[in-house]
Amino acid sequence: MIVTEKDSWLGMIFAVHGTTMESIWPRMAVVFFWSVLITTSAFLFPDHAYTLTMAPFTVVGLALAIFLGFRNTASYDRYWEGRKLWGCMVNVCRSFTMQINTLIDDTVGENNPQPSDEVQQQRLHMVRLVICHIHALRHRLRETDPAADLEEQLPGDQQLHHDLAQDNVPAAIADRISRQINSAWRSGRLDAYHVPLLHSCLTEMMGIQGGCERIKSTPIPFTYSVLTHRTVFLYCMALPCGLHDTVGMLTPLVVTLVAYFFLGLDAVGDEIEQPFMLDDNDLPLLQLTTMIERNVLQLSGRPDEELPEPIQPVDHILI
Amino acid sequence: MIVTEKDSWLGMIFAVHGTTMESIWPRMAVVFFWSVLITTSAFLFPDHAYTLTMAPFTVVGLALAIFLGFRNTASYDRYWEGRKLWGCMVNVCRSFTMQINTLIDDTVGENNPQPSDEVQQQRLHMVRLVICHIHALRHRLRETDPAADLEEQLPGDQQLHHDLAQDNVPAAIADRISRQINSAWRSGRLDAYHVPLLHSCLTEMMGIQGGCERIKSTPIPFTYSVLTHRTVFLYCMALPCGLHDTVGMLTPLVVTLVAYFFLGLDAVGDEIEQPFMLDDNDLPLLQLTTMIERNVLQLSGRPDEELPEPIQPVDHILI
Amino acid sequence: MIVTEKDSWLGMIFAVHGTTMESIWPRMAVVFFWSVLITTSAFLFPDHAYTLTMAPFTVVGLALAIFLGFRNTASYDRYWEGRKLWGCMVNVCRSFTMQINTLIDDTVGENNPQPSDEVQQQRLHMVRLVICHIHALRHRLRETDPAADLEEQLPGDQQLHHDLAQDNVPAAIADRISRQINSAWRSGRLDAYHVPLLHSCLTEMMGIQGGCERIKSTPIPFTYSVLTHRTVFLYCMALPCGLHDTVGMLTPLVVTLVAYFFLGLDAVGDEIEQPFMLDDNDLPLLQLTTMIERNVLQLSGRPDEELPEPIQPVDHILI
Amino acid sequence: MIVTEKDSWLGMIFAVHGTTMESIWPRMAVVFFWSVLITTSAFLFPDHAYTLTMAPFTVVGLALAIFLGFRNTASYDRYWEGRKLWGCMVNVCRSFTMQINTLIDDTVGENNPQPSDEVQQQRLHMVRLVICHIHALRHRLRETDPAADLEEQLPGDQQLHHDLAQDNVPAAIADRISRQINSAWRSGRLDAYHVPLLHSCLTEMMGIQGGCERIKSTPIPFTYSVLTHRTVFLYCMALPCGLHDTVGMLTPLVVTLVAYFFLGLDAVGDEIEQPFMLDDNDLPLLQLTTMIERNVLQLSGRPDEELPEPIQPVDHILI
Amino acid sequence: MIVTEKDSWLGMIFAVHGTTMESIWPRMAVVFFWSVLITTSAFLFPDHAYTLTMAPFTVVGLALAIFLGFRNTASYDRYWEGRKLWGCMVNVCRSFTMQINTLIDDTVGENNPQPSDEVQQQRLHMVRLVICHIHALRHRLRETDPAADLEEQLPGDQQLHHDLAQDNVPAAIADRISRQINSAWRSGRLDAYHVPLLHSCLTEMMGIQGGCERIKSTPIPFTYSVLTHRTVFLYCMALPCGLHDTVGMLTPLVVTLVAYFFLGLDAVGDEIEQPFMLDDNDLPLLQLTTMIERNVLQLSGRPDEELPEPIQPVDHILI
């Protein structure tokens, strides 16, 4: 995610980094040279110069704009839903930690000013499993290897190797949390009435995981992307034939500006369609997971030196 | 669903497979030959050539674009809702499996490191019923016969024959899960407080089933589809009359390009309106159900050789 | 609801039945004769023929298209929400039936392979009350008399007469279900922990009822409909004055085609605004309620001869 | 809310009452006389008559139409959300009444064919508090005095005076319902497991109240309304300068018709932005609250003579 | 938030304060002087004056309008979601207060007309923690220091210093509420069945907090803002080249008016994108938190002199 001051209106006019300029300039160059070619040949051989007039471009341009608008809305909805899911993850991790730290205790329903070491260890273990879940989910969404991060949370854990071998590592971690809830209840540390409360947190975590996997695995239907790309391309290539008789030698300039807008709109939709990757405008999953880790460890009363450093933007980019 | 690399912008421009090209080329051909006819006759008999001018086409073209945009949004919402429902199915099956494997045990609320064989069998039976439910739902949505898949899960099951004869096979399977929950509770293997937890999973599974059936059984109102198809058709057929006096002999080319865009937008909406079938852009239900089956069996600790193979795309198509 | 094959693209072009053609042809005829009048008089008295040019029509046509798009979206949302509500009704009735058939038993939390006749009667009575509720709701939404359908479900029931006299028959039926839940609990047939589970089903049924009543009783604000109708009418009547100088004698044809599109869009919105009535494109409530009745009776193990016949489309129309 | 037959398409064309005509005719008159002035002076002094041509009006008209569409969508969403909230209020009041009438009884979990007078009084008192809540909410939203309506429900109630003095009367009433639930539980008339059920109804009532207060207290941002009003005004005032050279003496007529549409769209958005007041198109809160009162009293078995008369539309207006 | 009478249509036409005029006038001035320059040079050197004609402006203007509409919708959704979250906060604080004041008592499930001082103190302490949470959240969203407000609520509190040092102060406060619930249950003042009820209120408060933090920390993707700003700017700067040959010396006026609309639309989106700050159109968080504080203290029976004064608008602005 790009972190920058939006106050400077003028600065944004001339920004390059983080805009779509980097990906669309080759296409714009093609359109520019093509329209130079068309305009020049129309100037040299005026008798053979056909014009399409602007009328068909108005009609198609409008339909194209509406369709691009639709595609942008769909892409942005994916982006924003992804952000909402991770926002919910923040909430549920905090709530889960609070519930683990209060509802699980040596005995059920009795005052216990100082929980035993065993209970404290179980609590911390569960919190660390929650942290493992979000790190594993991040790695899954970004297609990287979660082993290092998980081993840092659970050093020397026997079962971790087995979990990492499963199809779905975050689900395997969630299964371990579920077993911890069960063992806490069956060993008399958790009230039977409160099992559904903890399970609803776990279910919500799995629902968030499923939502993220859905966004990742199901892009906008291929046929939409093809129709958009193709029509934008044809439109920009045909535009000089419609403009050269009225605009004259300025045609390449005008065509390139119009192409900038349409190609830009098209590319923006592409860029945020997959919000979990490492593109400039994607969601800062590393920053979010580190923040969650800090939050839940603080809520569990861990000292500051155990907390990871918060992630800072590098060159205005948060990853 | 089409699984392909979206990185190649140029490749998408020239793609044919999985785009709407296959279904709309006959219509485009009709439009092309019709406009050749109109243009030629206007060229041969200029005295009798009427022109409609582009003005009415601009107005109607805009309204048409907005209406096509509305229809595409409605179709895409159906597609995405279908995907969301199956995403929820993934989540609920995983959560359900975790709950079955921890909350059902020989006794209620006591530590039991090694559950008895009977309990383990009941757990596995319930997990297999969950798998049956999703396979039965897939077959129902695709109008195929679920018998083979269900018998593979429940070999030699007596009641299966009776279930397959009911109107709604997935509902019959869900009813069996409901009876299993009941029997677990009444035989002292499940806490009464946790019955609502398991029932809420089951209710959610039935809600997802109902949602899919709703999308399948209720298309976008017929009157919308007729109005769209008819107006697009009339528009493309009338377009040569509006263009030939300004564009001249290029009219057929321009008309065909415009027709490509409008007919394409119209056809895209049609294609994803029913997202559960076997069209190129439809949802990969077989891949999803197989993935769920693998996930829940892994979470139940079944060895790898019992798991089905994950479905791979064939010729870039996941079914 | 119109049930037809959508595969035939050409067939839809020439369909009449179930399209809005039946309701808008008088308006189209008025527009046609009016534009013949205008065009002819402009032809006979060219000195007095004013033209408005197309410029104002472009501007207003666009705004009109956007506004019609807004209204269609609002109408379609009502239609789809109505369908969603009935889809939820399907789900909740199935879940409710399963819960009634397992959670209510002679004793609480004990194995009971063969429930007593009394319990079986209470279960069936409750399921029949659920069926009564949906039939009563259908009759309420369609403003017909529910007495016959309810008496068929509850023959010889004493209280039915009293229920039918209340303002809101479905609510009176729901009240009876609520009393049955209460009596089952107080007579020791239902666990106190499971009362909220059954009540949540009932609450959801009432929520669906309320949602349907809301859609029925609150149309799109009158002022919107008036503004739409009036502007479409004025637009079509003024259109010949804008076209006759460029399009000439083809004006009536062009105007009628444009009018078809705008009047059609306007009429489509009207038709599905009230989705519970008996228009061609309305929701098939009779088919849905019959399907629910079949489903819940099958889930309760009733023999096939007790089930009502499923409703089949008559002349491509499901009611 | 305007209650009228929508069947008469022609009748709606000529309707005046309940359309925005009443509020916008002064603005239309200003626009008309202004355009007469412009047109006449352009006719008298053709040498000094500037024309702006229609080109800028096309561009701005479109952007304006899209922006008006956005604003209408936002207004309508507010209206429909308000209606949804009151629809939920209907549901929750009915469900709450059913639960009060069954779950609260002399003893917990035992059969009790005839509840004692005290219990019956407490039930009726709670139902009357529910009715008080909705009346108090209606008065709060319409900024009227709730005292009379509340005293009618609770004659001679001591605490009512204190409640009416609080900042938020409906919240004070809800607090009393909460205390009644508590007292029922603590006096052994309500099962502890069912307290959350009743509390969830109460929470939902408060959620509805909060939603209505939110809609009332937060209009669409001022800056939006200003931008809309101002641009519509400037657009209509400048329009004659763009039209007079092509349309000639018909300019005032055309301008007024265009102004009708844009001013009408603008005014419609204004009118339903605040849906709880007494404008013609606002929600019929009095009818809704009276209907709820009738419903819940009937469900509590009160005789017909105790029920209030249903509210009928006066001159096609329901308030 | 701007609090003003919307009745005066004419007043809004001439409003300056609270509209975007303050932020966009420099840009409008640039556009104005630039178009004076272009127009004058075209007038002085007509032979070298190129015109772009209006055709490309129509196409791009439309696409731009649709894109601005998309961006405004996204911004407004953020604004309205922020408002909804705070509206939910109002509801949940009221419900939470009612539940704290009834469900926590000296003993569980017994009548207790006069709660002990200790219980009353614990109740008030919990209510004050709820108030602290909303104040801390407001300060966090506005990036101000919460210490003063929190110390006013909890004078002499030992732990406050520690809470204020945490990364996330509102989460630290919520953790304290969670511990209070736990202590109430474990000391026999709260029924185990009602713990989930209180926890669900707390979870909702944390969910609202997370939602607000999400809106604050994730603006609309940078690339969107750049594309909008840049295209609006280029469009306005190029517009004189398209208009000067038809509109002549009025070009600067027309361009400035068109620029007002596009720059205004662009700036409106910017202004409400971050709804929690202190801009004129932002949400009145101080007024909302003060209102919640008054409400919950009144519901807890505190005397009027303990309540804070309600916040009044200053110069039509609520903060």
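No contact joins chain C and chain E in this predicted model, and the closest C-alpha atoms of chain C and chain E lie 10 Å apart. Chain A and chain C likewise do not touch, their nearest C-alpha atoms being 10 Å apart. Chain D, by contrast, is in contact with chain C and is also in contact with chain E.

The table sets out the values for the two contacts.

| Interface | Residues in contact | Buried area | Share on carbon and sulfur | Salt bridges | Residue pairs in polar contact |
|---|---|---|---|---|---|
| Chain C and chain D | 66 residues from chain C, 69 residues from chain D | about 6,200 Å² | 67% | three salt bridges | 15 residue pairs |
| Chain E and chain D | 69 residues from chain E, 66 residues from chain D | about 6,200 Å² | 67% | three salt bridges | 15 residue pairs |

The size of an interface is often given as the accessible area lost when the parts come together. Between chain C and chain D that area is about 6,200 Å², with carbon and sulfur atoms giving 67% of it. Within the part that chain C buries against chain D, C:Arg186, C:Phe222 and C:Arg230 supply 14%, which is more than any other three residues.

**Salt bridges and the elements that make contact**

Side chains of opposite charge can pair when their charged atoms come close. Across the interface of chain C and chain D the rule finds three salt bridges, and one pairing of this kind joins the side chains of D:Arg94 and C:Glu213, at 3.1 Å from N to O. The side of chain C that touches chain D receives at least two residues from each of α3 (55–103), α7 (169–186), α8 (195–217), α9 (222–247) and α10 (251–273) of chain C. Sorted by class, that side of chain C comprises 34 nonpolar, 20 polar and twelve charged residues.

**How the copies are related**

Chain C is superposed on chain D by a rotation of 72° with 0.0 Å of shift along its axis, at an RMSD of 0.0 Å. The two copies are thus related as by a five-fold rotation axis. Only 6% of the interface residues of chain C are also interface residues in chain D, so these copies meet through different surfaces. A rotation of 72° with 0.0 Å of shift along its axis also superposes chain E on chain D, with an RMSD of 0.0 Å, and since only 6% of the interface residues of chain E are also interface residues in chain D, these copies too meet through different surfaces.

**Within single chains**

Over all chains, the count by this rule comes to 85 salt bridges. Inside chain C, the side chains of C:Glu306 and C:Arg128 meet in a salt bridge, at 3.3 Å from N to O. C:Glu306 lies in the segment after α11 (285–299) of chain C and C:Arg128 in helix α4 (residues 117–142) of chain C, so this pair ties together parts that are 178 residues apart in sequence.

Chain A is divided into domain 1 (9–77 + 221–273) and domain 2 (81–218 + 284–306), and the centres of domain 1 and domain 2 of chain A, taken over C-alpha atoms, are separated by 49 Å.

Note on methods:
Residues numbered from 1 in each chain as written. Chains lettered and ligands numbered in written order. Predicted model: local features only at pLDDT ≥ 70, side-chain atom pairs only at ≥ 80, totals over all residues. Heavy atoms only, no water. Contact = heavy atoms within 4.5 Å. Buried area = accessible area lost by both parts, 1.4 Å probe. Salt bridge = Lys/Arg side-chain N within 4 Å of Asp/Glu carboxyl O. Polar contact = N/O pair within 3.5 Å; in protein donor to acceptor, adjacent residues only side chain to side chain. Helix = DSSP H or I, 4+ residues; strand = E, 2+ residues; numbered from the N terminus. Nonpolar A, V, L, I, M, F, W, Y, C, P; charged D, E, K, R; others polar. Least-squares fit on C-alpha atoms with pLDDT ≥ 70 in both. Domains from an automatic or database assignment.
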